[in-house]
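Here are some friendly notes to read with the model open beside you. Take the points one at a time and find each residue as you go.

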Amino acid sequence: MTHDPHGPLSPATLAVTAGRPPRVQGGPVNPPVVLSSTYVNQGVTAPGELLYTRMDTETWHPFEEALAALEGAPHGVVFGSGMAAVIAAIGPVPDGGAVVVPRHAYQVSLGYLDDLAARHGVDVRRVDIADTAQVVAALDGADVLLAESPTNPMLEVADLPAVLSAARERGVRSVVDNTFATPLGQRPLDLGADVVVHSVTKYLAGHSDVVLGAAVTRDDELAAGLRAYRTLHGAIPGPMEVWLALRGLRTLHLRVERANASAAELARRLAEHPAVAEVRHPSLPADPGHERAAGLMNGFGAILGVRPHGGPAGADAVVAAVRLWVPATSLGGVESTLERRRRFATESPTVPEDLLRLSVGVEDVEDLWADLDQALRAAAGPAVS
């Protein structure tokens with residue numbers, strides 16, 4: 001362990017230093033990639049010995065250590081995708097069991113829960129995660145709480161300390177998807193979560209070139225269960241992808257700081273734009289989640305919700321008119337992206353049909369603004385001069 005030689009370090013320093021190899025003369029500064037599917041092994045395998053890469057490989061360990069350090073936990077487990085991490089963290093839900101989830105959340109997470117409902121009679125309780133009383137009431141008799149804050153794509157902000165405390169009091173496993181906030185924005189384990197999950201594909205890797213997931217916990221038994229799920233279900237990542245994610249993680253603090261600042265500035269300007277009907281971003285004083293986010297989070301994130309005038313057609317016209325922003329469904333990369341979320345039939349029906357989700361990258365904010373402004377005016381036509 002080389003990342004904490006003199007005491008606690010800032011998250012920015014941990015992002016750079018955690019997961020480094022031992023500092024020895026002639027040794028590498030970066031951990032190497034080991035591209036081997038199997039390991040020399042005979043006789044009875046001792047604990048910790050490597051055998052077969054579906055079970056474990058040393059190339060996973062530096063990334064797992066670095067992410068765990070950022071989330072303030074001893075256990076990080078990397079998976080082949082964010083959904084693999086989510087499903088492993090939720091764990092087995094008994095037939096007829098109950099899961100509490102935000103009504104607005106990652107659509108594939110909601111789709112998985114709907115599948116559990118159809119095949120196993122699981123009671124999926126969709127709640128307004130910002131309504132603490134509603135969440136607490138739904139936790140009675142539940143097995144799992146899968147929370148997002150801010151939510152995807154509506155950016156509702158939960159009172160995480162309150163809902164996580166209520167889950168613990170009721171013996172409900174609590175899982176928080178921290179993809180939007182990142183460990184730099186909030187650390188849900190500190191607020192009472194049992195497990196934190198990430199789509200590593202997004203901010204952690206940060207370059208739109210890998211698909212990975214991860215789960216982090218402080219509980220030894222839960223960590224063992226996560227690793228067992230990964231092995232038994234084959235939910236494993238490739239060594240090269242994990243190495244790329246670790247390389248991306250080294251600049252997480254720089255990318256998030258730049259993207260968050262640009263997002264707040266764009267939100268402020270968009271709120272005053274004549275072609276915009278509504279803007280959602282917790283940085284705005286009028287946003288429903290502003291006060292709670294200001295008290296619980298370090299920063300407001302880099303995702304915006306924008307509803308231009310003109311309904312779904314107007315939103316589609318904006319997407320067609322941008323030249324710098326990239327029409328794409330992912331988020332959290334260095335490039336800025338946008339899309340109309342209800343173009344997917346699987347998106348939550350309470351998401352407005354004209355909502356654009358914008359993921360702000362690290363480009364110059366004035367260039368981003370100029371492109372958005374011209375696209376909004378082009379889509380609105382003569383109604384906006």
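Is arginine 125 buried, partly exposed or exposed? Arginine 125 counts as partly exposed, at 22% relative accessibility. (Buried means under 20% relative accessible area, exposed over 50%, and partly exposed in between, with a 1.4 Å probe and protein chains only.)

Before the points, a word on the source. This is a predicted model, in which local features need pLDDT of at least 70 and side-chain atom pairs count only at pLDDT 80 or more, while totals for chains, interfaces and linings use all residues. Residues are numbered from 1 along each chain as its sequence is written, and side-chain values use heavy atoms, with hydrogens and water left out.

1. Let us stay with arginine 125. Its salt-bridge partner is aspartate 123, and the closest N and O atoms are 2.9 Å apart. (A salt bridge is a side-chain nitrogen of Lys or Arg within 4 Å of a carboxyl oxygen of Asp or Glu.) Aspartate 123 is also partly exposed, at 35% relative accessibility. Elsewhere, salt bridges that share partners join Glu339, Arg341, Arg343, Glu347 and Arg357 into one network. Over the whole structure, the search finds 24 salt bridges.

2. Now find arginine 103. Its side chain meets that of aspartate 128 in a salt bridge of 3.8 Å, N to O. This pair links distant parts of the chain, 25 residues apart: arginine 103 is in the loop between β2 (98–102) and α4 (107–120), and aspartate 128 is in the loop between β3 (123–127) and α5 (132–139). (Helices, H or I with at least four residues, and strands, E with at least two, are DSSP runs numbered from the N terminus.)

3. Arginine 103 also forms a salt bridge with glutamate 156, at 3.7 Å from N to O. Here the partners are 53 residues apart, with glutamate 156 in the loop between β4 (144–148) and α6 (160–169). Buried or partly exposed: what are these two residues? Glutamate 156 is buried, with a relative accessible area of 9%, whereas arginine 103 counts as partly exposed at 31%.

4. Next, look at β4. Five of its five residues are buried, so the strand is largely enclosed by the rest of the structure. Val144, Leu146 and Glu148 point one way, and Leu145 and Ala147 the other way.

5. What are the neighbours of β4? β2 and β4 pair in the parallel sense over two bridges, with valine 100 as the bridge partner of leucine 145. (Two strands pair if DSSP finds at least two bridges between them.) Five bridges join β4 to β5 (residues 173–177), and these strands run parallel too. In β5, serine 174 stands opposite leucine 145.

6. Helix α3 (residues 82–90) is worth a stop. Nine of its nine residues are buried, so α3 is largely enclosed by the rest of the structure. Among them are Met83, Val86 and Ile90. Just after α3, glycine 91 takes a positive phi of about 75°.
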